[in-house]
Amino acid sequence: MVSIEKGKTNRIPFGQRLFWSVLTIFLGFICCFLLFQYQREKEFVQEKLHNILNNYNYQLYQRSQQADNLDIMVRNFIDEIPQHEMRVTIISPAGTVLFDNDADGELGNHNDRPEVTRARNQNEGYAVRVPQSTGKRYFYSARNMGGYIYRSALPYDPYVKTVLAINKDFIYFLALMVMVCCFVLSRFSVSIGRTISRLREFARNVEKGNIPDKDYVFPHDELGDISENIVTLYRSQQKAKQALSMERDKIVKHFQYSQEGFAMFTAEGREILSNILYIQFLNLLSDKQIHQSEDGLDIPEMKPVKLFLNKNIPNIYRKRKVLRETLTIDKKGKIFFIECLLFLDNSYEIVISDISRQEEESRMKRQLTQNVAHELKTPVSSIQGYLETILSNPDLPADKRQFFLERCFSQSSRLTGLLRDISVLNRLEEASEMFELAEVSITKLVNEIRQECSKELEEKRIETEIILPGEPVIYGNYSLLYSIFRNLFDNSIAYAGEGIRITLNCYKEDPKYYYFSFSNNGVGVQEEHINRIFERFYRVDKGRSRKVGGTGLGLSIVKNGVNFHKGQISAKSNPGSGLTFFLYTEKESLTYY
């Protein structure tokens, strides 16, 4: 955000960008035209000199047909013309130099010379180059007459330079045009820039919400008129907005804090407004994807609402009062309460409420009460029975008395653990803000748990493998994190069997989460139990679970502890090949769930 504002501050004004953009395009066009015109002028003056020399070539050809001595004829011809330094060459069809008045020795084949090649192909040609025979720069002009090439050449002396000089008047004209263009464009861009600058100032004030009362004065042109209209329309719109702001705020707040799916429709069924929860709830009710709120009445579960509307909207004789229709739908474990209100103008609204949690909480409270009473009954009855036996038999042998007291202590310990686990679950649900947060090293915590369980692990010949790359550290509650991993260890030790391997692996890490897997290769759990093992007091083997002393709340504490740390846990099992828990937790649990 800071970089964007900085970019806005340092940005070149629009007027300057317009001026330099148009000027760059214009200068580019001028440069292209300048190069084109310069090339044309250059070709023109070269053509001009070529025509002069070409005429000399023709005269040389005419005289050579009648002359007995070429050398004398050429010298006489050169004396007659102003260009006394002219070089004359006659080339045969085979490229052999038959005559050259400026050559000291034998010359090679000339058919590869540019001017000669053009003359062979186009009857005449010219070129500017430096020959190897003389080392001087020449302007060559060649003409093909009867297969023989008559070529004349002039060295680059003052005469040739004067003839080939380019008229530069067009350059001065273009420079004048550039100056005029810069003047006109600067006036135009300054005017536009001033208008846009004031309009931008107005827009920034609008963005910041502090519109000054002063009038914005714009230039008297079309852009200025448009800018004034924009300012006027905005101020009119602001007045209308202020008049509706109170009602708008009420509606916005209602939608923001509503926990219900809400939609309002016209009498024809067109949506007036709706919130996101309405579409979400419709998709939970429907077996197919719903994209528009108008399609909600086509869901079979909404048929009673549709019949209610079809019955009452066309009825012009119905009493002038608001009608109401309600129904409750149980779909895929979710319970929804739907209410439809039909208003006097035949517009209507539909409200969908998810009451699954209320129903589930009521059910769970009833079930929890029953489970707690059932779980407490066993240890209390056992303690009561043992104590009654001791009290009713004063002469009970000391070893028997000791045995009964130990059993009482065992059952009381179990009762204490059960009450402790229930207390932990209640705190997680009702007072999670009481848990203190700190940085917890998972490696250190797991090693402590493994050390504490070393006796049980040794007795059952259980091997452990801890794979925690990067030494993961979670900002969370130590006691809950301890409970998560301790209960997973205790669960595997108690139920997975002997001679197994327990593996804890932090298999993935991203900027927000750690991903763990906790597995054993023991007996596993049947598929029908997997989805229920995190329920309170649920036991896969009730008799065996009580025998090993479990409370039935361990995995429920694990699930709630993971949820507290903004994570989730799931289980996967193949009977006979072990049980694996997959869980992830947030690295920093800065807020409570």
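Biologist: Where in the chain is the place of S286?

Modeller: In this model, which is predicted, S286 sits in the loop that runs between α8 (276–285) and α9 (303–312).

Biologist: What makes S286 buried or exposed?

Modeller: The relative accessible area of S286 is 7%, and buried means under 20%, so S286 is called buried.

Biologist: Which residues does S286 touch, leaving out those up to four places away in sequence?

Modeller: With those places not counted, S286 touches I299, K331 and K332.

Biologist: What lies 2.8 Å from a polar atom of the side chain of S286?

Modeller: That is the backbone oxygen of K288; a polar contact requires a pair of N or O atoms within 3.5 Å, and the distance here is 2.8 Å.

Biologist: Which residues does I313 touch, once residues up to four places away in sequence are not counted?

Modeller: I313 touches A267, L342, N346 and Y348 on that count, and the C-alpha atoms of I313 and S347 are separated by 8.7 Å, although these two residues are 34 residues apart along the chain.

Biologist: Turning to the helices, why is α12 called oblique to α14?

Modeller: Helix α12 (residues 442–452) and helix α14 (residues 478–495) pack at an angle of about 50°, with their axes 10 Å apart. Angles under 35 degrees count as roughly parallel and those from 65 to 115 as roughly perpendicular, with oblique covering the rest, and therefore α12 is oblique to α14. The crossing of these two helices, α12 and α14, is right-handed.

Biologist: Which residues make the contact of α12 with α14, and how do they divide by class?

Modeller: From α12 come I442, L445, V446, E448, I449 and E452, and from α14 come Y478, L481, Y482, F485, R486 and F489; the residues of this contact divide into nine nonpolar, no polar and three charged.

Biologist: At what angle does α14 cross helix α17, and what is the handedness of the crossing?

Modeller: The axes of α14 and helix α17 (residues 554–564) cross at roughly 145° and come within 9 Å, and α14 passes α17 in a left-handed crossing. The contact is made by L480, S483, I484, N487, L488 and N491 of α14, together with G554, L555, I557, V558, G561, V562 and F564 of α17.

Biologist: How many helices and strands does the protein chain have, and what share of its residues is buried?

Modeller: The secondary structure of the protein chain comes to 17 helices and 17 strands, and buried residues make up 38% of its 593 residues.

Terms used. Residues numbered from 1 in each chain as written. Predicted model: local features only at pLDDT ≥ 70, side-chain atom pairs only at ≥ 80, totals over all residues. Heavy atoms only, no water. Axes fitted to C-alpha atoms, helices over the stretch in contact; angles between N-to-C directions. Helix = DSSP H or I, 4+ residues; strand = E, 2+ residues; numbered from the N terminus. Parallel < 35°, antiparallel > 145°, perpendicular 65-115°, else oblique. Left-handed = near helix turned anticlockwise from the far one by under 90°. Contact = heavy atoms within 4.5 Å. Nonpolar A, V, L, I, M, F, W, Y, C, P; charged D, E, K, R; others polar. Buried < 20%, exposed > 50% of the residue type's maximum accessible area, 1.4 Å probe, protein only. Polar contact = N/O pair within 3.5 Å; in protein donor to acceptor, adjacent residues only side chain to side chain.
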